[in-house]
Amino acid sequence: MVNTDGQLYTIEGFAAALIMIATAYLVINATSVYTAGDTHISDMQLEAIGTDALKVMDTNESHLSKSPLRDIIEGTPIGAENATFGASFWYLINNRTQSGLDHIQYSASYSYRNTTDNSVNSAFINASRNLSVGEHAVRATKWVVVNKQLPGNITAQDRAVLVEVLMWRD
Amino acid sequence: MARLNDDAQWIILMGFLVSFSFFFLAMVINQSTVVGQTTAESVIEFPKNDIRDVRGVIISSMNVTNPGVVRGDITVISLSRKNAVISYTSPQIKDNHTVINMHYNNGVTEFNENWTSL
């Protein structure tokens, strides 16, 4: 005859097993979601650093002077590189409170409109390193009003250009 | 037939209570990380810097000598490089204040402002 002792223990064992499996499932599931969210947060911080650095560079010292960023764009012919941008932007993004620099690399250019055919073209400014295929870069942008002769115009006039910087950590 | 042993029912009941509370705590942990990701994603998706920047350039280019060309620059470059539709009115003087109506739309976020100078 079947022994009917310990039925309550058996039921308890089953219930406990189910609860443990469900708990483990919930916890493991949660961990896998967390890593995906994590990378976005560091991207956001890198983008904020870039946007702030560009904002600093587009601030003029007084009403009469031009901002460094505006000076750089106005003084550099399209197709030429400008090392002044690199010198200040590099230290703005890589300086830390501790000694030693951070490892953020950048590649900067600006987009302008050609007034004859409304096409948007890009002019290179400066890069700390060439962007390779494997890098995970974020983009920071800044509108700058410059007085410059751009393709499609014969004379210099006030124009809005978009400075775009790709940034990544190596 | 053997009688069912009904000793220690309180201990078993407490065991159930504790294990159920663990279950609900795990559920809370699960939900909290999902909430963290959703928040981070919506913060990234929200174009705070883009809106501030385009708003700034519209206001600062208010007094340029060739507003039509600058307007073309802002709308065309925004559309092709930032995937955003921008439209704004020319500055109008109302009650000794300059007024500009600005509209920004990148397909996810829409921003409209009726800017008035101080």
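Modeller: This is a predicted model, and the chat below goes through the sheet, the helices, the chain contacts and a few loop residues.

Biologist: Sheet first. In what order do the strands of chain A come?

Modeller: Four strands of chain A form an open sheet in the order 2-1-4-3, and the pairing is antiparallel.

Biologist: Which strands stand at the edges?

Modeller: Strand 2 and strand 3 of chain A. Each has a single partner strand, so one side of each is left without a neighbour in the sheet.

Biologist: How many bridges join strand 3 of chain A to strand 4 of chain A?

Modeller: Eleven, and the two strands run antiparallel. In that pairing K142(A) has V163(A) in strand 4 of chain A as its bridge partner.

Biologist: What about strand 1 and strand 4 of chain A, how many bridges there?

Modeller: Eight bridges join them, again in an antiparallel run. Y110(A) stands opposite V163(A) in strand 4 of chain A, and Y106(A) stands opposite M167(A) in strand 4 of chain A.

Biologist: That leaves strand 1 with strand 2. In which sense do they pair, parallel or antiparallel?

Modeller: Antiparallel, with eight bridges between strand 1 (residues 104-114) and strand 2 (residues 119-127) of chain A. A108(A) stands opposite N126(A) in strand 2 of chain A.

Biologist: How many residues sit between the strands in that hairpin?

Modeller: The hairpin of strand 1 and strand 2 of chain A has four residues between the strands. N118(A) takes a positive phi near 60 degrees there.

Biologist: On to helices. Which strands does helix 3 of chain A lie across?

Modeller: Helix 3 (residues 83-94) of chain A lies across strand 1, strand 2 and strand 4 of chain A, and runs at about 130 degrees to strand 1 of chain A.

Biologist: What span should helix 3 of chain A have, at 1.5 Å a residue?

Modeller: Its twelve residues should span 16 Å, and the end C-alpha atoms of helix 3 of chain A are 16 Å apart, which agrees.

Biologist: Which of its residues are buried? I mean helix 3 of chain A.

Modeller: F85(A), F89(A) and I93(A). They cover an arc of only 35 degrees around the axis, which puts them on the same side of helix 3 of chain A. The face turned away from that buried side carries the exposed residues A83(A), A87(A) and Y91(A).

Biologist: Switching to the two chains. How many residues of chain A are in contact with chain B?

Modeller: 37 residues of chain A are in contact with 39 residues of chain B. The elements giving two or more residues to the chain A side are helix 1 (7-57), strand 1, strand 3 (138-148) and strand 4 (157-169) of chain A. Helix 1 of chain A has the largest share, 20 residues.

Biologist: And by class, what is on that side of chain A?

Modeller: The side of chain A that touches chain B has 17 nonpolar, twelve polar and eight charged residues.

Biologist: Which strands of chain A does helix 3 of chain B lie across?

Modeller: Strand 1, strand 2, strand 3 and strand 4 of chain A. Helix 3 of chain B runs at about 25 degrees to strand 4 of chain A.

Biologist: Which residues of helix 2 of chain B are buried?

Modeller: D50(B), D53(B), V54(B), V57(B) and I58(B). They cover an arc of only 130 degrees around the axis, which puts them on the same side of helix 2 of chain B.

Biologist: What covers those buried residues of helix 2 of chain B?

Modeller: The cover includes strand 3 and strand 4 of chain A, together with helix 3 (67-82), strand 1 (85-88) and strand 3 (97-105) of chain B.

Biologist: Last topic. Where is D95(B)?

Modeller: In the loop between strand 2 (92-94) and strand 3 of chain B. Phi of D95(B) is near 60 degrees, a positive value in a residue other than glycine. N96(B) is found in the loop between strand 2 and strand 3 of chain B, with a positive phi of about 65 degrees although it is not a glycine.

Biologist: Is N96(B) buried or exposed?

Modeller: N96(B) counts as exposed, because it has 6 C-beta neighbours inside 10 Å. D95(B) counts as exposed with 6 C-beta neighbours inside 10 Å.

Key: Residues are numbered from 1 along each chain as its sequence is written. Chains are lettered from A and ligands numbered from 1 in the order in which they are written. This is a predicted model: local features need pLDDT of at least 70, side-chain atom pairs count only at pLDDT 80 or more; totals for chains, interfaces and linings use all residues. Two strands pair if DSSP finds at least two bridges between them. Two residues are in contact if their C-beta atoms, placed from the backbone, lie within 7 Å. Ala, Val, Leu, Ile, Met, Phe, Trp, Tyr, Cys and Pro count as nonpolar, Asp, Glu, Lys and Arg as charged, and the others, Gly among them, as polar. A residue is buried if 20 or more other C-beta atoms lie within 10 Å of its own, exposed if 12 or fewer, and partly exposed in between; C-beta atoms are placed from the backbone. The arc is that of the directions from the helix axis to the C-beta atoms. Axes are lines fitted to C-alpha atoms, for helices over the stretch in contact, and angles run from 0 to 180 degrees between N-to-C directions. The expected span of a helix is 1.5 Å times one less than its number of residues.
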